[in-house]
Amino acid sequence: MADDKSNAAAYWKANVRLITGCLIVWALVSYGFAILLRPLLSGIPIGGTDLGFWFAQQGSILTFIGIIFFYAWRMNKLDAQFGLGE
Amino acid sequence: MSQFAINLLFVGASFALYIGIAIWARAGSTKDFYVAGGGVHPITNGMATAADWMSAASFISMAGLLASGGYANSTYLMGWTGGFVILALLLAPYLRKFGKFTVPDFIGDRFYSNTARTVAVVCLIVASVTYVIGQMTGAGVAFSRFLEVSNTWGIWIAAFIVFLYAVFGGMKGITYTQVAQYIVLIVAYTIPAIFIALHLTGNPIPMFGMFSTHTESGLPLLEKLNSVLNELGFEDYTADVDNKLNMVLFTLSLMVGTAGLPHVIIRFFTVPKVADARWSAGWALVFIAILYLTAPAVASMARLNLLTTVYPEAADQVENYEEAIDNALVYAERPDWIITWENTGLIEFTDHNDDGRIQLYNDANPDFEETAEARGWEGNELEVNNDILVLANPEIANLPGWVIGLIAAGGIAAALSTAAGLLLAISSAISHDLIKKTINPNITEKGEMLAARISMAGAILLATYLGLNPPGFAAQVVALAFGLAGASIFPALMMGIFSTRMNSTGAICGMLAGLGATLLYIFTYLGWFFMSGTNMLPNTPENWILGISPLSFGAVGAMINFAVAFAVCSVTAPPPKEIQELVESVRYPKGAGGAIDH
């Protein structure tokens, strides 16, 4: 039982760490590159405008898709690793 | 065949398709009606979720707002897609493990309180009714155009059809109907975009065409657009915004709202496995992204097409626009699409300087007054409603009649599927969560159905009435609904999953504070219950607290919700032990089992 508990706690810890990492990337591309850091990226031209604009209208959406699939793939591996899957 | 007949044909054929699929799929799926995603592959479920999710706001209205606001309105793009990351990482797998069917059910059980359940029902109704107002606005535009009636008639006809659609209910729950709706919607959206991208840039993929060269002028498309806009006193399309705080909060509001809206969350309650809940969210976003990556291209290209319709000679100019601007379109020679939209009242022309030509420019820009005066202009003469842009887009670009019919069918599919889904969420919240679970547990099945129908009719009448004088464009009204859901329901779900310590008093106070603060802020600027003329302060940036628009306040409301909940929770008793154990168990996929009926 104690083993089960520490196993579960380790699983939850790994999950929270993974979520944190994913959310950092999520915030960086949207609130970061696309909004707050846009002036810093204005020197990088892309098709008649700058990289920040591209992130706001294209790049962030593409990154979001990547994050969700990455998280699903990693979590399914974690489920199996800790024996907590269905 | 006339355009009117083509439109009717496409809309009629698409309806026949949905009804046909509903009848074909019904036989096999009535018994597991609640488990809409059960046994359905995550890709199929993702497609159905995308149809459920993309409403008139995404389809009809969003590109229009992007076109008029440029970069500043990128918030809609990021907000309505980024929310799926929160949903997939923070909510979907755990709500699936919890195994309930409705949001008030989760909140009622997790916070072991019927009061919490009732408060959740109230939050859900407020957010959903606001959402339906936005759908009625959008559907009204679509119907007024394709039936060639006034906008007011368009809204009433839309209300009638949405009501029929929602009462026959079954259509909604059947995943395959939604898959068909998704296909109609996405084909209708992308085909005109491909044609236009090909015509303007030679690149058939709109999301790349937007960043490539404009064929006629040889300039990059966005640079070309900026230069024409500058010439007319408008801000650059790609201009950065000053108020970054508002932009961040607006994006955040839409994101947390996505994770708090009942009709989307519900789809993740019912997938077969926890792992599938994670995959489904990813696939849903892929299908949504096809539209969302195309929308900015549609927006920028339509804006340019509109300008070059009014100033035909500006299309191939590189910098010298004077002559092109003098030779603006003669009103008597305007294309047919302007005439048909004038009939709906959504395009208006006033010849301020009586020169018989159309002058479209930014008359609200004080720096531009001198130039306008020198050109003999006496005010902007063409008022174009943002919400018509996507529907008018194929006509503006001179595409064949069948493309116009297709887009009418797509717009109506988007508005109807979401409006019907929300009405079902409202009626089940009232009849099931409120009446059956709280007020009168002994109600008969017949009585429950009657209550559901009455609440559905009530919600649609209210939404239609408010939709006649909407507090904004379709996508803006929907954004308000997201703010309300994000400020009330999202924090309660989050705390219910991630905090074992959160108790019922904390959650209830949090939801009430979040909803109350957000409603108060919105009503202050947009009028009490959205009645025009009852607002206490004018809705302009100078009057907003710290420049935070009512559309962005949902994020602040969510923070208030969290703060109040934790403060109240820290001075009241912790939840019972079995609830704390329940929260722990939700964290692990093992033993999820089937979704439990009730």
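In helix 24 (residues 577-586) of chain B, B:Lys577 and B:Glu581 lie four residues apart, about one turn of the helix. The model is predicted, and in it B:Lys577 forms a salt bridge with B:Glu581, with the closest N and O atoms 3.0 Å apart. B:Lys577 has a relative accessibility of 60% and therefore counts as exposed, whereas B:Glu581, at 46%, counts as partly exposed.

Over all chains, the structure holds 13 salt bridges. One of them joins the side chains of B:Lys437 and B:Asp105 at 3.7 Å, N to O. This pair links distant parts of the chain, since B:Lys437 belongs to helix 19 (residues 401-439) of chain B and B:Asp105 to helix 5 (residues 103-110) of chain B, 332 residues apart. B:Lys437 is partly exposed, with a relative accessible area of 30%; B:Asp105, at 0% relative accessibility, counts as buried.

In chain A, the side chains of A:Arg38 and A:Asp50 meet in a salt bridge of 2.9 Å, N to O. A:Arg38 lies in helix 2 of chain A and A:Asp50 in strand 2 (residues 49-50) of chain A, so the pair ties together parts that are 12 residues apart in sequence. Both A:Arg38 and A:Asp50 are buried. The side chain of A:Arg38 also meets that of B:Asp240 in a salt bridge (3.7 Å, N to O). A network of salt bridges links A:Arg38, A:Asp50, B:Asp240 and B:Lys244.

Between chain A and chain B, two salt bridges are counted, along with 11 residue pairs in polar contact, both residues being at pLDDT 80 or more. On the side of chain A that touches chain B, the elements giving two or more residues are helix 1 (2-36), helix 2 (38-41) and helix 3 (51-81) of chain A. Helix 3 of chain A gives the most to this side, with 19 residues. By type, the residues on this side of chain A divide into 29 nonpolar, 11 polar and three charged.

The contact takes 43 residues from chain A and 53 residues from chain B. The two chains bury about 4300 Å² between them, 72% of it on carbon and sulfur atoms. In chain A, the residues losing the most area to chain B are A:Trp12, A:Ile68 and A:Glu86, together 16% of what that side buries.

A:Ser60 lies in helix 3 of chain A and is buried, with a relative accessible area of 0%. Not counting residues up to four places away in sequence, A:Ser60 touches A:Val29, A:Ser30, A:Phe55 and B:Met78. A:Leu36 lies in helix 1 of chain A and counts as partly exposed at 49% relative accessibility. Leaving aside neighbours within four places in sequence, A:Leu36 is in contact with A:Tyr31, B:Lys244 and B:Val248. From A:Leu36 to A:Lys5 the separation is 31 residues in sequence and 42 Å in space, C-alpha to C-alpha.

The largest nonpolar core has 225 residues, of which B:Phe59, B:Tyr76, B:Trp80, B:Ile107 and B:Tyr292 touch the most other members. Helix 14 (residues 274-310) of chain B gives the most to this core, with 20 residues. B:Ile107 touches B:Tyr112, B:Ala116, B:Ala120, B:Ala492, B:Leu493 and B:Met511, when residues up to four places away in sequence are not counted. A second, separate core of eight residues includes B:Leu249, B:Tyr521, B:Phe553 and B:Ala555.

Notes: Residues are numbered from 1 along each chain as its sequence is written. Chains are lettered from A and ligands numbered from 1 in the order in which they are written. This is a predicted model: local features need pLDDT of at least 70, side-chain atom pairs count only at pLDDT 80 or more; totals for chains, interfaces and linings use all residues. Side-chain values use heavy atoms; hydrogens and water are left out. Contact means heavy atoms within 4.5 Å. Buried area is the accessible area (1.4 Å probe) that two parts lose on being put together, summed over both. A salt bridge is a side-chain nitrogen of Lys or Arg within 4 Å of a carboxyl oxygen of Asp or Glu. A polar contact is a pair of N or O atoms within 3.5 Å; within protein, one must be able to donate a hydrogen and the other to accept it, and residues adjacent in sequence count only if both atoms are side-chain atoms. Ala, Val, Leu, Ile, Met, Phe, Trp, Tyr, Cys and Pro count as nonpolar, Asp, Glu, Lys and Arg as charged, and the others, Gly among them, as polar. A nonpolar core is a set of buried Ala, Val, Leu, Ile, Met, Phe, Trp, Tyr and Cys residues joined through side-chain atoms within 4.5 Å. Buried means under 20% relative accessible area, exposed over 50%, partly exposed in between (1.4 Å probe, protein chains only).
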